[in-house]
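Student: Could you walk me through how to read strand pairing and helix packing in a model?

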Amino acid sequence: MSLWLEDLSAIKALFDAWRAAGVSDVEAHFRDHPDALEACVAAIRVLAVNRRTLQLFKARDLSHLTANLDQVIRPDIREVHARNMAALWAGHTAFSGEGPNYTLEGERIDVLVNARIVPGHESDWRRVIVALEDISSRVRTEDRLKHSEHYARSLFEHSPMSLWIEDFSGIRRLFEAQRAAGVTDLRAFVVANPAFVVECTRAIQVVDINQATLRMHGARDKREVLDNLGLIFRDKMLSHFAEQLVELWEGRTSMQCETVNYTLSGQELSLHLQGSVLPGHEETWARVLVSLTDITARKQAEAYLQYVGRHDQLTKLANRAHFDEALKQAQEGPFPVSIIIADMNGLKAVNDSLGHAAGDDLLRRAGETLRKALGEDRCIARIGGDEFAVLLRGVNEVEAQAAIDRIERMAGLNNQFHTGPRLSFAIGTSTALDAVALSRAQHQADAAMYAAKRSHYRQMGYDRRG
């Protein structure tokens, strides 16, 4: 260790003079009079140093060292030196601190300073022993660690992806309690006890979030997110979270899925979630990294494409593909199942005489009439140019006829509010009591519709022309 024997009596003389002049706060005195601190540095008299000191500071001998103390003690250690001087001013006989010194070749050395007035010299400060420990390696390591931490923090804070550091240890404790109670199948348990999923969301402790998370959820600051987690983790998110809980229960500490969050203003966010228990926390789940990617636009685009692929763009009803799929699903019941086939009367004549724009308007009126007569929740489809089909699950023959009556009444009301061509349907229906009969029901309803169509045109006094 580097050892110095110093005479600080000249500093004591300076202090006595300042006190006599009315100085009471030496640190304020140093701030107001920077030259006062320089005077203290200049007043240090080095009496002796050991061989390690000469080696450390690259000095040939004591005189070489003392003649160049201004190179050893540079301005960037003045703050440390001021604190040491303040300790002496306050009557302490020992002081310590950390700061940079420099070799006579200009190389920086970080040192830990420990100094003590030698017993017997408390009144004159003529003998002070100073020990310097070279802590450069430690300081460099700490600097690298700080840089690394700052770099990692910057990556986290400014990532374009929403990042969450969460503590799942509360969830782990809830799991342990359920295992102790005999639960072995968590999936079945949460189906029977949905409140457990909510309890698990409340057990999550959010340790940190980044700036992208604030932007995504419409928050001003982190506190606003942390104080409103109940607004973010709710409703549709719970079913997705239940699946994550099952994965954790089964020992999978990494997960990814599509889920839902909500902004603080209530907007639904579709998200791709990736999560993992961080290394070193596998036993406690105390640190879990969760990343969220906003896929709302993609999901909306997918929903739109799905809608377009399953709906008729003119009437906004389902299309034939959608109807065929629904008919296939209806084979599973519940029965009875009724099918209504409705064909518009006179569409070809309207197209021929008034143009296709008038015909399209009549088709839109037809779709509107069917929706209002039967309800938005029914499967109503445009399956051809002027032909519509309705699938009524759990509806018997009497109820199906009542539905036809509503369609005809609604068509009459529609005609009252439109001055264009008259809207009317030729309608047929069939009711199936089982899956075997359902496969024939559409043909039977179709045949009944054609019979109604022929009757309509006979009443009109001419054969069908469209």
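Student: How many bridges join strand 4 to strand 5, and do they run parallel or antiparallel?
Tutor: In this predicted model, strand 4 and strand 5 (residues 128–134) are antiparallel and joined by seven bridges.

Student: Which residues make up strand 3 and strand 4, and how many bridges join them?
Tutor: Strand 3 covers residues 94–102 and strand 4 covers residues 108–117; nine bridges link this antiparallel pair. Here phenylalanine 95 has alanine 115 in strand 4 as its bridge partner. Five residues lie between the strands of this hairpin, and glycine 106 adopts a positive phi near 90 degrees there.

Student: Now the helices, please. What describes two packed helices?
Tutor: The angle between their axes, together with the distance between the axes. Take helix 1 (residues 9–20) and helix 3 (residues 34–42): their axes come within 9 Å and cross at roughly 150 degrees. Angles over 145 degrees count as roughly antiparallel, so that is how helix 1 lies relative to helix 3. Ile11, Leu14, Phe15 and Trp18 of helix 1 meet Ala36, Ala39 and Cys40 of helix 3. This contact has seven nonpolar residues, no polar and no charged ones.

Student: At what angle do helix 11 and helix 15 pack?
Tutor: About 80 degrees, with the axes of helix 11 (residues 195–203) and helix 15 (residues 236–249) 10 Å apart. The two helices are therefore roughly perpendicular to each other. Helix 11 contributes Val197, Val198, Cys200 and Thr201 to the contact, while helix 15 brings Met237, Leu238, Phe241, Ala242 and Leu245. By class, that gives eight nonpolar, one polar and no charged residues.

Note on methods
Residues numbered from 1 in each chain as written. Predicted model: local features only at pLDDT ≥ 70, side-chain atom pairs only at ≥ 80, totals over all residues. Heavy atoms only, no water. Pairing = 2+ DSSP bridges. Helix = DSSP H or I, 4+ residues; strand = E, 2+ residues; numbered from the N terminus. Axes fitted to C-alpha atoms, helices over the stretch in contact; angles between N-to-C directions. Parallel < 35°, antiparallel > 145°, perpendicular 65-115°, else oblique. Contact = heavy atoms within 4.5 Å. Nonpolar A, V, L, I, M, F, W, Y, C, P; charged D, E, K, R; others polar.
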